Amino acid sequence: EIVNMKFVEANFYFKDDTTLYVWSDTGIYNNKTLDMIFDGNVKAIYEKSELFAQKAEYSNQDSFLTITENVKIIDNRGTMFADKLLFDIKKQTLNIASFNDNKVNADVKLK
């Protein structure tokens with residue numbers, strides 16, 4: 001039930017006809033729970049936003065996505081750096097965490 005992968009490319013298709021593209025050096029897929037771990041040079045593209053990190057973990061059962069290690073988001077609204085992003089897919093909420101100096105670095109355009 002555990003599939004170890006190298007040079008991972010994954011596409012997630014959503015009901016609103018958008019697609020999330022994810023790449024990583026390695027990955028682990030559990031074909032029973034549908035949980036996934038992306039590890040090493042994680043890159044994700046969703047619409048016009050890009051995300052870079054070293055690790056991403058998706059829990060299908062909990063509908064939760066955790067992005068960690070050198071997180072960087074580049075968006076047309078700005079750029080953000082953080083230690084950890086926690087996406088609750090059911091609630092559609094995002095928690096942003098920083099461990100080193102308790103600061104999240106962001107350059108965001110408000111208009």
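Guide: Buried means under 20% relative accessible area, exposed means over 50%, and partly exposed lies in between (1.4 Å probe, protein chains only). This is a predicted model, where local features need pLDDT of at least 70 and side-chain atom pairs count only at pLDDT 80 or more, while totals for chains, interfaces and linings use all residues. Residues are numbered from 1 along each chain as its sequence is written, and side-chain values use heavy atoms, with hydrogens and water left out.

Visitor: Why is T66 called buried?

Guide: Its relative accessibility is 16%. The cut-off is under 20%, so T66 counts as buried. T66 sits in strand β5.

Visitor: What does T66 touch?

Guide: Contact means heavy atoms within 4.5 Å. Neighbours within four places in sequence aside, T66 is in contact with K55, A56, E57, K84, L85 and L86.

Visitor: How do you know whether G27 is buried or exposed?

Guide: G27 has 6% relative accessibility. That is under 20%, so G27 is buried. G27 belongs to strand β2. Leaving aside neighbours within four places in sequence, G27 contacts V3, N4, M5, V8, I37 and F38. Take V3: it is 24 residues from G27 along the chain, and their C-alpha atoms are separated by 8.2 Å.

Visitor: What makes a stretch of the chain a strand?

Guide: A strand is a DSSP run of E, at least two residues long, and a helix is a run of H or I, at least four; both are numbered from the N terminus. This chain has eight strands and zero helices. The order from the N terminus is β-β-β-β-β-β-β-β.

Visitor: How many residues of the chain count as buried?

Guide: Of its 111 residues, 32% do.

Visitor: What makes a set of residues a nonpolar core?

Guide: The members are buried Ala, Val, Leu, Ile, Met, Phe, Trp, Tyr and Cys residues, joined through side-chain atoms within 4.5 Å. The largest core here has 19 residues, and V22, F38, L51, I67 and L85 touch the most other members. The elements giving two or more residues to this core are β1 (2-13), β2 (19-30), β3 (36-46), β4 (49-59), β5 (64-75) and β6 (78-88). Not counting residues up to four places away in sequence, V22 touches V8, E9, A10, F12, F38, V42, K43 and A44.

Visitor: What makes a space a pocket?

Guide: On a 1 Å grid over the protein atoms alone, a pocket is an open set of points where a 1.4 Å probe fits, with protein on both sides within 12 Å along at least five of seven lines; lining residues have an atom within 4 Å of a point. The largest pocket here holds about 1,300 Å³ of space. Its lining has 40 residues, with F14, L20, Y46, L65 and F87 nearest the centre.

Visitor: What classes of residue make up that lining?

Guide: There are 24 nonpolar, nine polar and seven charged residues. Ala, Val, Leu, Ile, Met, Phe, Trp, Tyr, Cys and Pro count as nonpolar, Asp, Glu, Lys and Arg as charged, and the others, Gly among them, as polar.

How values were computed. Grid points are joined across faces, edges and corners, and a volume is the space filled by probe spheres set on the points.
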